[in-house]
Amino acid sequence: MRNTQSTQLLFELSHPGRRAALLPKLDPEIAAASEPLPAHQTNDAPPPLPELAEGDVVRHFTNLSTLNMSVDTHFYPLGSCTMKYNPKRNERLASLPGLADVHPLQPAETIQGMLAILYELQHMLAEISGLPGVSLQPAAGAHGELAAMMVAQAYFAKKGENRPIVLTADSAHGTNPASAAMAGFQTKTVKSNADGLVDFEDLKSKLNDQVAVFMLTNPNTLGLFDHQIREITDAVHAAGGLVYADGANMNAILGISRPGDFGADMMHYNPHKTFSGPHGGGGPGAGPICVRDFLEPYLPSPTIRYDAEQDMYLLDDDRPDSIGRIRSFFGNTGVLLRAYFYIRSYGGEGLRQVSEDAVLGANYLLSKVKHILHVPHGDRCMHEFVASASKLKKEKGISAMDLAKRILDFGFHAPTVYFPLVVDEAVMVEPTETESKETLDAFAAALFRVTEESGDLIHDAPHSTRVSRPNDVAAARNPIMRWTKDK
Amino acid sequence: MYLFHTDEDRQAMLKSIGAESVDELIHSQVPENARFEGTLQLPPALSEMEMQREVERAAAQNASAASHVCFMGGGAYDHFVPATVDAIASRGEFFTSYTPYQAEVSQGNLQAMFEYETLVTQLTGLDVSNASLYDGGSAAVEAVMMALSVVKGRNKVVTSAAVHPEYRQILETYLRGLQCELVVAPYDASGTSSGIADYIDDKTACVLIQHPNFFGRLEEVQQIADATHAAGALLVQSFDPISVGRLKRPGDMGADIAVAEGQGLGNPLNFGGPYLGIMACRNELVRRLPGRIAGQTVDRRGNRCWVLTLQTREQHIRRERATSNICSNQTLLALRATIYLSLLGPEGLKETAEHCLQKTQYMQKQVASLERFSVPFAGPVFKEFVVKDHDGSVANLIESMRGDGYLAGVPLGQWYPELSDCYLIAVTERRTRDEIDSYCRSLSQLTSEGVIAGA
């Protein structure tokens, strides 16, 4: 049953003269008071937006929505993205008029409820990370990385040290080196060893008085906790550098290990992952950062401060050593509120249970998958693991991408493939704590079936989706990035 | 609470793994010297009912555009959000999906992104749009960074004091580590950037202006564009997406890159975020455009479809040589903007812009007619204007007006010490004549009764 309401574009559905939104009539006295604008400033006609009735719009987008896989509808084991269940209560609470309708430039005395929540969130994030200084301002994980690299720049500049280099692990998210570069650093890569952990010897050989920061992810992108983490952070500190922890994998260690305790000086959270904000098709997220006390003065402004004398929460931008502002207004408050609600739903012991179940689920799935695909790095993991389809590719010509595409037909979102780069034909699986044993069993069974299937069936997959294997190369060679009448 | 496993499940799973306990799993990974042995000191867990009660209490302590009549702007606006926007955007299939790495099962998001990008090109009069950035401020800064990378060998950025002060603050932060010079041209007596051409030279990589500017005033964009281009630099224009219902589009006046805060397109105020950073540019700049882009292609069956494209610019491939470190986009807010613009259509956008324009002009006249107030910047305004209180303190005035039920405006002294007796009033299509007239009556009454103390 072909539904043209979703295969057509809004612009193709447009019907001249059709209207959805009608405004109230302008009061004649208002109109009378208005003077015409100079002709060279005004347009002859408004932009050529599509013309639709409300029913067109509703049907179009409702049908479009059914073409997405989502956490509400499917298991989404996309490694490193932590696609856990998004509690519905958080949406209702974040939409309360006293939160959703607050203007960002209102005076502090009119938003004490809002500031109290955010101030408390600062404390909670500090407690979970073991790092006392908090900025809620960064708008995404990568934005937090950038802010932290700027903090490091400011810190070393104040100390009068010239340290132009940032080290990043070769298994790190690509945002790490990109963020360091944007903050004005040169980057150098530290290798992984055969176990997929930081190659300590390689790190030591690169540590010197030129290195400002070592950025690492722990647990790393293979889902492994670095067993030498303390030795690593000690070595960086001994060389006068700072350690930055990419908090993408915090979901694995809530109440189990704290970055501040294992030697990180700075970190960011991805609250949309760890504390379950809906990812919304790729955003919004947020990227609050936590830092050690001696870095706190450099954090972006404003931060929230409690003033005991006035018994009031205040936005504090009187911070002379601050790197300044990195985003307009306060930050992605809506996402931060959801993180706050999430943490309040669990409390300290509950959060540890979250991570324990995430680790249990991943190890359970690993115990099943290792009989289906080669898992190069051990038979234990934290909250995610990376398998390799390289043997399957050699023997049957089935790549990680083929596997990913075919698994879609079984009603599962695909794992992350080809990341991290340190594993050949990588298949990165993260089940999260919000999937049942039955779901994990069904996923493993589907994966097994796929590996038993014939190459042709798999190369043509997926078979059940509206489109199959879009031509990326053609899209990049001859980019079409907007609809025009003749295309 | 949101967990699935019963103790029985846990035991069965452990057995299958071949582990005694979850602790054993954890200890096999996390060395003793990196373990946290205590319990996190967090407030106790709350049931849904308890939390609702507590959060409602906190929310009730806030004034808001729901409890007060909002005349605040300065980059965040109380525009009307049609019910359809919430109804569709809250569908779990949109809400709880992720970045469309698997195009086959993300056609809903990808097509909506493609539609969003098309709508942005229609709003800006430029060739290509990305799938959104964090917010209007980040978009402005990313555009400047993009221009710096395109215009080789130049490291000077010229902007205007009439550009959103917070955008300029972000710009300062970003440029500090990069050995770039930031020059801020002052606004003139009419609150516009008419003198900015004097600051543009052959060292200038780009010029960043805002039109309508932070004071609501219209800039002579075409003239600034000509001066910018004559110096071999690029023009970045921050604009109000509602304004192009009536005003000329950035691309039609010579802007090379257009950026905007898209919050007003169907998104709530949310105390500043999440917001929607809009960015569009000319075709020749596309390989430097930061952020995600959805593009059209065909699948193996020949069906038209959509994918993320030009990804070689991005951090997951180019790493430290990427055009930007941004790896997310505000898809959900972009979707809301897409739905909003589909509902408005050209006529709806024009009418919305007309309402903003005319109501602002009406209110400006009413306020200026009050004895104690004046409008320091003469000339046309869109949606916002500066008002000067000749003998009052702005903070007191705003506080007293709040007592009458108004979020009265945004004081300017925090950014412009010379305008400490001034504040900014924004009037969207949501404001009625009755609200505007009542506001002016309150203002008049408060001042005549001496409720607002003189400075």
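A salt bridge is defined here as a side-chain nitrogen of Lys or Arg within 4 Å of a carboxyl oxygen of Asp or Glu. The model is predicted, so that local features need pLDDT of at least 70 and side-chain atom pairs count only at pLDDT 80 or more, whereas totals for chains, interfaces and linings use all residues. Residues are numbered from 1 along each chain as its sequence is written, chains are lettered from A and ligands numbered from 1 in the order in which they are written, and side-chain values use heavy atoms, with hydrogens and water left out.

**View 1. Domain 1 of chain B against domain 2 of chain B.** The assignment, automatic or from a database, gives domain 1 (69-80 + 346-445) and domain 2 (83-340). Their C-alpha centres lie 27 Å apart. To the contact (heavy atoms within 4.5 Å), domain 1 of chain B contributes 31 residues and domain 2 of chain B 33 residues.

**View 2. Salt bridges between the domains of chain B.** Two salt bridges are counted between domain 1 and domain 2 of chain B. The side chains of Lys383(B) and Asp240(B) meet in a salt bridge at 2.6 Å, N to O.

**View 3. Chain B against chain A.** In chain B, 186 residues are in contact with 207 residues of chain A. About 16,900 Å² is buried between the two chains, 61% of it from carbon and sulfur atoms; buried area is the accessible area (1.4 Å probe) that two parts lose on being put together, summed over both.

**View 4. A salt bridge between the chains.** Arg304(B) and Glu12(A) meet through their side chains in a salt bridge (2.7 Å, N to O). Between chain B and chain A, the count is 17 salt bridges.
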